[in-house]
Amino acid sequence: MRVEDISLEELKTLANIIAKYVKSYDLNFIYLNGDLGTGKTTFTKYFCENFSVEPSQISSPTFSIVNVYNGVRTIYHVDLYRIGDIDEVFYVLEENFEDKEGIFIIEWSDLFKEYFTEKGIKINFYHKDEFLRDIDVITDLRSLEEDLRRWDCEREKV
Ligand SMILES: Nc1ncnc2c1ncn2[C@@H]1O[C@H](COP(=O)(O)OP(=O)(O)OP(=O)(O)O)[C@@H](O)[C@H]1O
Ligand SMILES: [Mg+2]
């Protein structure tokens, strides 16, 4: 489903709703795609706060490839933008993939789609203007989709 004209503050609410479902369901993968500067890392920051990760710990893994945040769950924040060979990522993440409690957030997953087939929530970001984004959330969790639709209707009334 698509949510249009999302402000920064609304992105935080969206991240909180999604975090609630990741907590309650057996979900480990979040795939984030969209052009540079559309909000993937900002979303990750808001999302991770729900798992008691210090906001100051969270940064873009553009150069580090993988950042690991220790909150109430361990969150592996990955950015594939600068990766030439996917083995660079698997080399770093090899043992982490065994972490069945871990949450993997993958920015630019579509660059290596064929390697990221684990079921998860996909979020695509589109730049609308300086302060607004359109966002597609792709999930087979009906209740999450219903929750997002309800929130989308509510916020339009404001
Ligand atoms: N409605 C909005 N949603 C998301 N980001 C917004 C919004 N309005 C303004 N911004 C700003 O846009 C920037 C988004 O940058 P961010 O690093 O999150 O993008 P990114 O998608 O991770 O980029 P990259 O592909 O380079 O990693 C931030 O500076 C953020 O404050
Ligand atoms: Mg980023």
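The largest pocket in this predicted model is lined by 14 residues. Those nearest its centre are Asn28, Phe29, Phe97, Lys100 and Glu118. The model also holds ligand 1, with 19 residues around it. Let's look at the pocket and then at the ligand.

**The largest pocket**
- Its volume is about 280 Å³.

- Ile6, Lys40, Thr41, Thr42 and Phe131 come nearest to ligand 1 among the 19 residues around it.
- The shell around ligand 1 is made up of 7 nonpolar, 6 polar and 6 charged residues.

**Backbone contacts with ligand 1**
- Gly37 places a backbone N or O atom 2.9 Å from an oxygen atom of ligand 1.
- Thr38 also has a backbone N or O atom by an oxygen atom of the ligand, at 3.2 Å.

**Cover and helices**
- How much of ligand 1 does the protein bury? Taken alone, the ligand exposes 640 Å², and the protein buries 75% of that.
- Two elements give two or more residues to the shell around ligand 1: helix H1, spanning 8-24, and helix H2, spanning 40-49.
- The largest share of that shell comes from H2, with 3 residues.

Conventions. Residues are numbered from 1 along each chain as its sequence is written. Chains are lettered from A and ligands numbered from 1 in the order in which they are written. This is a predicted model: local features need pLDDT of at least 70, side-chain atom pairs count only at pLDDT 80 or more; totals for chains, interfaces and linings use all residues. Side-chain values use heavy atoms; hydrogens and water are left out. A residue is near a molecule or strand if one of its heavy atoms lies within 4 Å of it. A polar contact is a pair of N or O atoms within 3.5 Å; within protein, one must be able to donate a hydrogen and the other to accept it, and residues adjacent in sequence count only if both atoms are side-chain atoms. Accessible areas come from the Shrake-Rupley method with a 1.4 Å probe; for residues, only the protein chains shown count as cover. Helices (H or I, at least four residues) and strands (E, at least two) are DSSP runs, numbered from the N terminus. Ala, Val, Leu, Ile, Met, Phe, Trp, Tyr, Cys and Pro count as nonpolar, Asp, Glu, Lys and Arg as charged, and the others, Gly among them, as polar. On a 1 Å grid over the protein atoms alone, a cavity is a set of points where a 1.4 Å probe fits but cannot get out, and a pocket is an open set with protein on both sides within 12 Å along at least five of seven lines; lining residues have an atom within 4 Å of a point. Grid points are joined across faces, edges and corners, and a volume is the space filled by probe spheres set on the points.
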